[in-house]
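Dear colleague,

Please find below the structure that I am handing over to you, together with its sequence. My findings follow directly after it.

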Amino acid sequence: MNRRQTGSDYERLAAEYLKKQGYEILAHNFRSRGGEIDIIAREKEYLCFVEVKYRSGNGCGSPLEAVTRHKQQNIIRTAGYYLMKRGLPLDTACRFDVVAVEGEQITLLRNAFGA
């Protein structure tokens with residue numbers, strides 16, 4: 001299985017996990033020139049931009065470590081583009097979450113970083 005297929009499989013797994021946590025999935029793989037957001041969802045009053053990271057082992061570090069400051073900046077910029085494209089106000093209650101998948105374990109980190 002190639003990396004893109006593996007990523008898609010784990011993004012689907014993460015979306016199912018988020019649904020069980022009460023999230024409403026709005027979009028998958030939203031792209032802009034500046035980056036991509038794996039999952040966009042709503043949880044209560046928050047519009048959540050979710051990055052999904054998978055690691056089969058800890059040889060390359062944890063999935064949470066893989067969401068670097070550069071990656072965060074790309075997600076934040078792409079989230080702003082999403083708000084603009086949807087005609088949503090810039091003061092919409094937003095949150096940046098990370099779903100980390102390590103082997104069979106799934107960890108949800110709400111509000112993993114700020115804009």
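Gln 72 has a relative accessibility of 14% and therefore counts as buried, a term that means under 20% relative accessible area, whereas exposed means over 50% and partly exposed covers the range in between (1.4 Å probe, protein chains only). This residue lies in helix α2, which spans residues 69-85. Helices (H or I, at least four residues) and strands (E, at least two) are DSSP runs, numbered from the N terminus. If neighbours within four places in sequence are set aside, Gln 72 is in contact with Val 67 and Phe 113, where contact means heavy atoms within 4.5 Å. Gln 72 and Gly 35 are 37 residues apart along the chain, and their C-alpha atoms are separated by 9.9 Å.

Please note that this is a predicted model, in which local features need pLDDT of at least 70 and side-chain atom pairs count only at pLDDT 80 or more, while totals for chains, interfaces and linings use all residues. Residues are numbered from 1 along each chain as its sequence is written, and side-chain values use heavy atoms, with hydrogens and water left out.

The chain as a whole

The chain contains two helices and five strands, arranged along the sequence in the pattern α-β-β-β-α-β-β. Of its 115 residues, 37% are buried. Among the contacts with a separation of 6 or more, 51% are between residues 24 or more positions apart. The accessible surface of the chain is about 6900 Å², and carbon and sulfur atoms account for 47% of that surface. Accessible areas come from the Shrake-Rupley method with a 1.4 Å probe, and for residues only the protein chains shown count as cover.

The sheet

Strands of a sheet pair through backbone hydrogen bonds, either parallel or antiparallel. Here, five strands form an open sheet in the order β1-β2-β3-β4-β5, with mixed pairing; two strands pair if DSSP finds at least two bridges between them. β1 (24-32) and β5 (105-113) stand at the edges with a single partner strand each, so one side of each has no neighbour in the sheet. From one strand to the next, the twist averages 30 degrees; axes are lines fitted to C-alpha atoms, for helices over the stretch in contact, and angles run from 0 to 180 degrees between N-to-C directions.

β1 and β2 form a hairpin with two residues between them, and their antiparallel pairing extends over seven bridges. Within this pairing, Ala 27 stands opposite Ile 40 in β2. Strand β2 (residues 35-43) is also joined to strand β3 (residues 46-55) by five bridges, and these two strands run antiparallel. The bridge partner of Arg 42 in β3 is Leu 47.

The nonpolar cores

A nonpolar core is a set of buried Ala, Val, Leu, Ile, Met, Phe, Trp, Tyr and Cys residues joined through side-chain atoms within 4.5 Å. The largest such core has 14 residues, and Ile 40 and Phe 49 have the most contacts inside it. β1, β2, β3, α2 and β4 (94-102) are the elements that give two or more residues to this core. The largest share, four residues, comes from α2. Apart from this core lies another, of twelve residues, including Ala 14, Ala 15, Val 52 and Leu 108. Not counting residues up to four places away in sequence, Ile 40 touches several residues, among them Ala 27, Phe 30, Phe 49 and Tyr 82.

The aromatic rings

How many aromatic pairs does the structure hold? There are six. Rings of Phe, Tyr and Trp (its six-membered ring) pair if their centres lie within 6.5 Å; planes under 30 degrees apart count as stacked, over 60 as edge-to-face and the rest as tilted.

The rings of Phe 49 and Tyr 82 have their centres 5.8 Å apart and their planes at 80 degrees, so this pair is edge-to-face. Because Phe 49 lies in strand β3 and Tyr 82 in helix α2, the pair ties together parts that are 33 residues apart in sequence. Phe 49 is buried at 1% relative accessibility, and Tyr 82 is buried with a relative accessible area of 6%.

Phe 96 and Phe 113 form a stacked pair, with 5.1 Å from centre to centre and 20 degrees between the planes. Phe 96 lies in strand β4 and Phe 113 in strand β5, so this pair ties together parts that are 17 residues apart in sequence. Phe 96 is buried, with a relative accessible area of 6%, and Phe 113 counts as buried at 7% relative accessibility. Phe 30, Phe 49, Tyr 81, Tyr 82, Phe 96 and Phe 113 form one aromatic cluster.

Yours sincerely
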